Amino acid sequence: MDRPAVAGDAPRPTASLHQPRLPRWAPAALAALAVAAGCGIGLGAGLSSRVQWGLIAAVLFVALTYGFTARVEGLRQAKDRLATSLVWMCFLIAVVPLVSLIWETVARGSKVLDGGFLSHSMSGVLTIQPGGGVYHAIIGTLEQVGIATALAAPVGLLTAIYLVEYGRGRFARAVTFFVDVMTGVPSIVAGLFVLSFWIIALDFGYSGFAGSMALAILMMPVVVRSTEEMLKLVPNELREASLALGVPKWRTILKVVLPTAIGGITTGVMLAVARVAGESAPIVLLVFGSQVINNNPFDGAQSSLPYYIYEQWAAGNDASYDRAWAAALVLIAFVMILNLVARGIARWKAPKAGR
């Protein structure tokens with residue numbers, strides 16, 4: 001127990017628990033100061049690129065944040081703010097090109113993007129003339145990607161189930177090795193393989209189905225890898241509880257493992273679809289392009305959105321440039337819709353949390 005205070009005792013110093021901190025407005029003020037200094041240095045040095053100004057401002061912001069924090073809050077807190085500033089700087093560096101790309105595509109693609117552009121083909125339209133549309137390319141992309149997904153998704157899903165639930169020994173290691181090799185195969189190699197086997201060796205003609213087979217080759221390793229990682233995240237306790245009740249292993253996989261991981265599996269499949277939706281090299285080799293609507297992917301040449309963009313840009317005139325940018329905007333919207341659908345399905349099929 002503390003003894004009672006006696007008259008004449010000197011007051012004892014009390015330790016303060018309050019640590020000096022920068023005010024809340026300090027980061028914003030330092031950012032404004034760094035931007036102003038970056039612009040001034042850029043103008044003074046004669047740098048014409050705004051990107052260079054931004055990089056200078058980012059470096060100055062990190063340095064100013066570290067210096068002021070170290071002076072006011074101490075070295076330990078300064079290191080923490082330095083790491084946070086670096087993370088934010090890297091985030092902005094990654095986001096700026098994406099925002100710039102979307103802005104440029106929307107600004108240029110919206111010039112000719114309307115209902116007529118989406119509902120007409122290029123049949124009878126000269127490339128140097130305005131008009132025409134992308135309807136035939138949309139039909140080709142939907143059919144080719146849909147067939148590729150129907151071919152690749154079941155094979156990739158079953159392969160991942162084998163590797164996670166059954167795969168042991170040399171054969172499983174060999175399958176894993178070849179999946180890793182296929183992940184890095186260039187799209188042109190997949191197109192050449194299908195060209196040599198399907199069109200040259202078996203003497204089938206150019207068609208959307210031939211392009212779909214090449215896209216399926218590119219999709220399979222992505223589906224396998226993403227599904228494999230999702231299945232590994234399923235707790236083993238769920239499998240063990242099901243098996244302890246006498247449920248066969250195949251039924252445990254079907255009723256317990258897959259429903260638990262269905263959200264991640266669906267997202268992985270959609271990522272694989274987005275991966276191949278913009279491929280143009282296999283389409284150029286196997287589908288061969290067309291100016292008219294071809295609703296039959298198994299017979300005759302067919303177009304697609306990536307091939308249409310390449311074709312219009314190669315024409316080299318203002319009208320074709322506008323159509324190429326509009327088609328690129330349609331392709332971006334197509335990929336975004338796929339991702340939104342994947343998120344909706346994942347949320348719908350995800351296991352409900354119990355109380």
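**Salt bridges and cores in a predicted model**

Modeller: R225 has a relative accessible area of 23%, which makes this residue partly exposed. The structure is a predicted model.

Colleague: Why is R225 called partly exposed?

Modeller: Buried means under 20% and exposed means over 50%. The 23% of R225 falls in between, so the residue is partly exposed.

Colleague: What makes R225 and E228 a salt bridge?

Modeller: The cut-off is 4 Å between a side-chain nitrogen of Lys or Arg and a carboxyl oxygen of Asp or Glu. The closest N and O atoms of R225 and E228 are 2.6 Å apart, so the pair qualifies. Both residues belong to helix 8 (residues 208–232), where being three residues apart separates them by about one helical turn. E228, with a relative accessible area of 5%, is buried.

Colleague: Which residues are linked with R225 and E228 in a network of salt bridges?

Modeller: D180 and K232 are the other members of that network. Over the whole structure, the search finds seven salt bridges.

Colleague: What makes E165 and R239 a salt bridge, and which parts does the pair tie together?

Modeller: Their closest N and O atoms are 2.9 Å apart, and the limit is 4 Å, so this is a salt bridge. E165 is in helix 5 (residues 135–166) and R239 is in helix 9 (residues 236–244), so the pair joins parts 74 residues apart in sequence.

Colleague: How do you know whether E165 and R239 are buried or exposed?

Modeller: E165 has 6% relative accessibility, under the 20% limit, and therefore counts as buried. R239, at 11%, is also under 20% and counts as buried.

Colleague: Which residues touch the most other members of the largest nonpolar core?

Modeller: V134 and L231 do, in a core of 53 residues. Helix 10 gives the largest share, 11 residues. A second, separate core has five residues, including L163 and V224.

Colleague: How do you know what L231 is in contact with?

Modeller: Contact needs heavy atoms within 4.5 Å. Leaving aside neighbours within four places in sequence, the residues in contact with L231 include A160, V257 and R239. R239 is also the salt-bridge partner of E165.

Conventions:
Residues numbered from 1 in each chain as written. Predicted model: local features only at pLDDT ≥ 70, side-chain atom pairs only at ≥ 80, totals over all residues. Heavy atoms only, no water. Helix = DSSP H or I, 4+ residues; strand = E, 2+ residues; numbered from the N terminus. Buried < 20%, exposed > 50% of the residue type's maximum accessible area, 1.4 Å probe, protein only. Core = buried A, V, L, I, M, F, W, Y, C linked by side-chain atoms within 4.5 Å.
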